[in-house]
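Student: I am new to this structure. Please show me the sequence and the model, and then let me ask about them.

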Amino acid sequence: MTQRPFAIAGNPNVGKTTLFNSITGFSQHVGNYPGVTIDKVEGTVRYKGGVFTFVDLPGAYSLLAISQDELASRHFLEQATTNGIINIWDASNLKQSLYLTLELVEMELPITVYANMTDVVRSRGISINYDRLSERLGVDIVAGVARLKKGVSALMESVEGKIAVPSSLHYTQEFETTIKQLRAIAGGIPRWQAIKLLEKDKEITERLTTAQREAVKGKIAILEDEWGEKATRKVVRERRAIIDDLFDDCVHVPERKSQFLTRFIDSVVLNKYAALPIFFGFLFLMFQVVFTLGEPMVALLERGNALLASFVASFWSAGSTSILKSLLVDGVIGGVGGVLVFTPNIFLMFAIIAFMEDSGYMSRIAVIMDRQMSRVGLNGKSFIPLILGFGCSVPAIMGARIIESRRERIATQFVVPFMSCGARLPVLLLLVSAFVPAAYRGLALSLIYFIGIVIGLIVALVLRLTLLRGTKTPLLVELPHYNIPSLKSIVIHTWERGKHFLIKAGTVILAVSVILWVLSAFPRYKAPAGSSLPETTAARSQLEHSFIGRLGKMAKPIFAPMGGDWKIGSAFISALAAKEVFVSQMGILLSLDKEDVPETNLRTKLVKHYSLPAALAFIAFILLSAPCMATFAIMKSETKSWRWPLLQVVTMTGIAWVVAVFLYQVGARIVGV
Amino acid sequence: MVLSLAKPGFSSQISHICGEESLFMRLASMGITEGAQLNVIMNEGKRPLIVESGGSRYAIAREIAKDIEITEVP
């Protein structure tokens, strides 16, 4: 028997999913509900002997059926199959959160409020009287910080008791009378539906009989005449009056401190002349920091990795051909270790992105880049997901939900993977540090990112002129007050995101490394009877004889024009699972290649095997080629079609190949390889 | 007067929001409605305007600002 679920509802980006995860832990699955076409994530949790089910609804600013998500959420709530609603607020943006709350109250369903981001509220010196708010709204309010799991047990306590249906908030006498009249005309519909009729909600209107529809239309026309304005505006005005009143009564915002800081910083970073140079300077600094600060740590980890490899190898006699030794040293340490040594760089990148978000600078980027983005048919908001893409494409593509227009959203999501992500960083760092002199590495890295941005924007422009044609939505964003981020919050943000990279290294990358090792160690090569080959020749023959060797050779015609051999080919093919695998794959292939001294690191081996133009071509190919499996999957689920992820793979790989081949062919002629 | 023509430092009240209802609703759900106080912070060239209202700060594209009518509040 399944329990009736609690629905978690709130605006986009208020930490709904974070709250959902802190409540349900790992017990989630995707549920399907009758009459609802959109998949919903559902999770259960045991608390005080009871079993509680939670459903994570898509984020919505209002319950007006404008987007598919909003309509689906409304259907779900309406069917009254819920035990109650947990309405999550961004307490630091209360006026916006309250708008949806009022609509939920109108539906007369049981509600409990979880006020999230109360740490931000406190750091801005804002004080909110939650008791007073709770009393006036007639709902329980639990204040907390979902990210830190604060207030989650208090919320469970509230859920475990009975959630109350809030006593209806009353609008003005005149408006309440109107609602009553409309309910009667439309055949006794619920209160909220009458209000939606005034908002001219298509879906609700279509539910009426023709006669009712005509009567409602007539009534609204009379009312609009009487009010001297559109009914939609009247509804908004009524709601806003209550929200403003609640806000004035229960919230105190200090004037001075935060606003002074905000005015000062904005006058600099949004300055007509300085804005762009400051922004690009900041990005350049970011890549410098990622490289120079990360470099010593990487060197240390590499030495540790080499020591570990020789330590493990020392359990076998020198020259042993043990399969287990090869699996551990070449497969696991060479594969996973090769990726893990780049952890410092990836964490630094995530930390800087967390700083941009927590400080409030991130939303300014929408303003700074608005004019540039409008040249490719998007508004400045689209640049925010692109910056997030420097971390990881998956959350970045989800982050593009902030873009209202579907066509602009898909165009943005389509080009997010052109932004070089954290997983590509190990590959870029490996190749850059192997081939570029130390002094120019930061610059080289910036240049690589810049090329990704430019090509991405060109693709966006082409899409907006062809498949995703349409008028551009003008920019409208809230700019939060600046806030000096606490070290603790940056550490938590960085860890939350960075840990996925470590988990991936321990799971996907480990599995792929072992599989790749198997593919390169089997089928075993048997030297012709009687002949005794030197060890190096035997190892080389083994590699060429293996599955991966054969696969790489099959793909050789594709990779030869960019200076690649079968090893590079097989590394690129494996990188489709996750980009970091390229590093592990090269690590495995080159460490099996016993021609080298085993202690030399991967960089030295690479320089020995490949020329500079070839390295540039590999960089371009890894930067621009098909995104990883996870990106493909998220593209499919976000656009609800196979078309976009497939087109993305084809377009990106095509562009990557052309650019890589061009770089190699031109480079090789200049250098004279 | 129209918001897009207001100089920085101008303090005003929104008197009317013209244009489509969808724009009205979008602004309203963010807290920008008729009757709200509005201070202009930046207004340069073709870039979005920066305004303050109800303790919050917003960036508003010029195309939208052309649809917002304001009256001066001394």
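This is a predicted model: local features need pLDDT of at least 70, side-chain atom pairs count only at pLDDT 80 or more; totals for chains, interfaces and linings use all residues.

Student: How many residues of chain B are in contact with chain A?
Tutor: Contact means heavy atoms within 4.5 Å. On the side of chain A, 34 residues take part. On the side of chain B, the number is 33.

Student: What area is buried between chain B and chain A?
Tutor: Buried area is the accessible area (1.4 Å probe) that two parts lose on being put together, summed over both. Carbon and sulfur atoms give 57% of it here. The total is about 3,100 Å².

Student: Which residue of chain A forms a salt bridge with Glu63(B)?
Tutor: A salt bridge needs a side-chain nitrogen of Lys or Arg within 4 Å of a carboxyl oxygen of Asp or Glu. Between chain B and chain A the count is five. For Glu63(B), the closest N and O atoms are 3.8 Å apart. The partner is Lys472(A).

Student: Which residue of strand 4 of chain B is the bridge partner of Val477(A)?
Tutor: Strands are DSSP runs of E, at least two residues, numbered from the N terminus. Strand 10 (residues 476-479) of chain A and strand 4 of chain B run antiparallel, joined by four bridges. The partner of Val477(A) is Ala59(B).

Student: Within chain B, which residue of strand 5 is the bridge partner of His16(B)?
Tutor: Two strands pair if DSSP finds at least two bridges between them. Strand 1 and strand 5 (residues 68-72) of chain B pair in the antiparallel sense over five bridges. The partner of His16(B) is Glu69(B).

Student: Is Ala186(A) buried or exposed?
Tutor: Ala186(A) sits in the loop between helix 7 (173-185) and helix 8 (191-198) of chain A. Buried means under 20% relative accessible area, exposed over 50%, partly exposed in between (1.4 Å probe, protein chains only). The value for Ala186(A) is 3%, so the answer is buried.

Note on methods
Residues are numbered from 1 along each chain as its sequence is written. Chains are lettered from A and ligands numbered from 1 in the order in which they are written. Side-chain values use heavy atoms; hydrogens and water are left out.
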